[in-house]
Amino acid sequence: MKSTNPNSNHLPLVKVAMPPREKLLPNLEKVLYSGMIAEGEYVYQFESEFAGSFGLPIAIATSSGSAALHIALILSEIGNGDEVITTSMTAEPTNMVILQSGATPVFADIDCQTGNLDPDSVESLISERTKAIVVVHYAGFPANLKSLRFLADKYGIVLIEDCAHALGATYNGKNIGTFGDYAIFSFQAIKHMTTVDGGVLTMRDLTKAKKAKRLRWFGMPKGVPRTKLDVSHIGFKYNMNNVSAVIGLSQLENIHQLIKKHIENGIFFDNEIGNISGFEITKIDVCSKPSYWIYTLLTDQSDSIIKCLGDIGVVASKLHRPNHLHSLFTPYRRNLPGLDSYYKRLVHIPCGWWVSQEKRELIVETLKSM
Ligand SMILES: Cc1ncc(COP(=O)(O)O)c(C=O)c1O
């Protein structure tokens, strides 16, 4: 319960960002008592503003990032017996959804300096059964999209970007989410932006949008009387509701300023930590601009650094467990030397909007003294 005390000196690794009460609550009250709390006009307004704000061709709002990813896999016609090349260095939903689709997750290795998929490893695993590559921009650092896009085109497979950690990151001057055939975003509680829970699916081929919208609502089109429509395919309860959309619309008013704070802190740490001996910072491609959801540093002393920062009230951790280590994924385990090295040396530290100048300097001084 310590982390919920606003007066605590404790610096969390992740934190919920809510718009100021006076801005959010009047709009929330309006929608809550409007009689229209399910999917409706606020959702469609949110979709349009989100797409505009992040340079996406379309935004289809969902109940979660996982739901958006599931729809992307179905639209890619992935099912039993198909293989999806993916990363183990991610939150569990990425790979859980691949299993839910009936496909086999094939874990490619990662680059031990970036934490992201290594395109050479990906290419070595492409088989006749490979239908897609799911690439995660881990911790907010864009993956090597140029090489992965090239591989997807070369082998005629689908590229799906999991942008859950990387809202606002860019690659070659373009927003992430615009390189894949599909891309998903998550608005779960602790992401850059939250709608309590929610997600967005975007896509290159807009002719798939109609099917995507049916998939998110039990296979039915909206706006047609139930007695007059025909359900011909399985669909899901994956739609966003108006209440989440109102929170999302409020969040969008400040999202770029908030992401800017993550980036300022991230660049500060890059400059400072990069110069401390015994520490390595995440290698960043010259053409990519991360959005630093959480900061990633690499050190041979990861356990003692985590403990030492904990002693001064700064929560540092490895945050995730490589997914292939879960017993569920035992059948898909393979040798991943790049991941082993990265994970052993990994330390995540807070760098979001809640990290003040004073706190970030304290972190750097503490690391220097180690
Ligand atoms: C990398 C990654 N992908 C997908 C998801 C799924 O998002 P959601 O929790 O909105 O379903 C998450 C978040 O939990 C995530 O961290």
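1. A pocket, on a 1 Å grid over the protein atoms alone, is an open set of points where a 1.4 Å probe fits, with protein on both sides within 12 Å along at least five of seven lines. A molecule sits in a pocket if more than half of its atoms lie within 2 Å of its grid points. In this predicted model, the space taken by the ligand is the largest pocket.

2. The model is predicted, and local features need pLDDT of at least 70, while side-chain atom pairs count only at pLDDT 80 or more. Residues are numbered from 1 along each chain, and side-chain values use heavy atoms.

3. The ligand is surrounded by 14 residues (a heavy atom within 4 Å). The closest are G65, S66, D162, S186 and K191. By type, the shell has three nonpolar, nine polar (Gly is counted here) and two charged residues. Helices α3 (65-75) and α4 (92-100), DSSP runs of H or I with at least four residues, each supply at least two residues of this shell.

4. Polar contacts are pairs of N or O atoms within 3.5 Å. The side chain of S66 has an N or O atom 2.5 Å from a ligand oxygen. For K191, a polar side-chain atom lies 3.2 Å from an oxygen atom of the ligand. The side chain of T94 has an N or O atom 3.4 Å from a ligand nitrogen. Taken alone, the ligand exposes 380 Å² (Shrake-Rupley method, 1.4 Å probe), and the protein buries 90% of that.

5. An open sheet of three strands (DSSP runs of E, at least two residues) has the order β7-β6-β11 with antiparallel pairing. Strands pair if DSSP finds at least two bridges between them. At the edges are β7 (174-175) and β11 (288-289), each pairing on one side only. Two bridges join β6 (residues 170-171) to β7, and Y171 stands opposite K174 in β7.

Notes:
A polar contact is a pair of N or O atoms within 3.5 Å; within protein, one must be able to donate a hydrogen and the other to accept it, and residues adjacent in sequence count only if both atoms are side-chain atoms. On a 1 Å grid over the protein atoms alone, a cavity is a set of points where a 1.4 Å probe fits but cannot get out, and a pocket is an open set with protein on both sides within 12 Å along at least five of seven lines; lining residues have an atom within 4 Å of a point.
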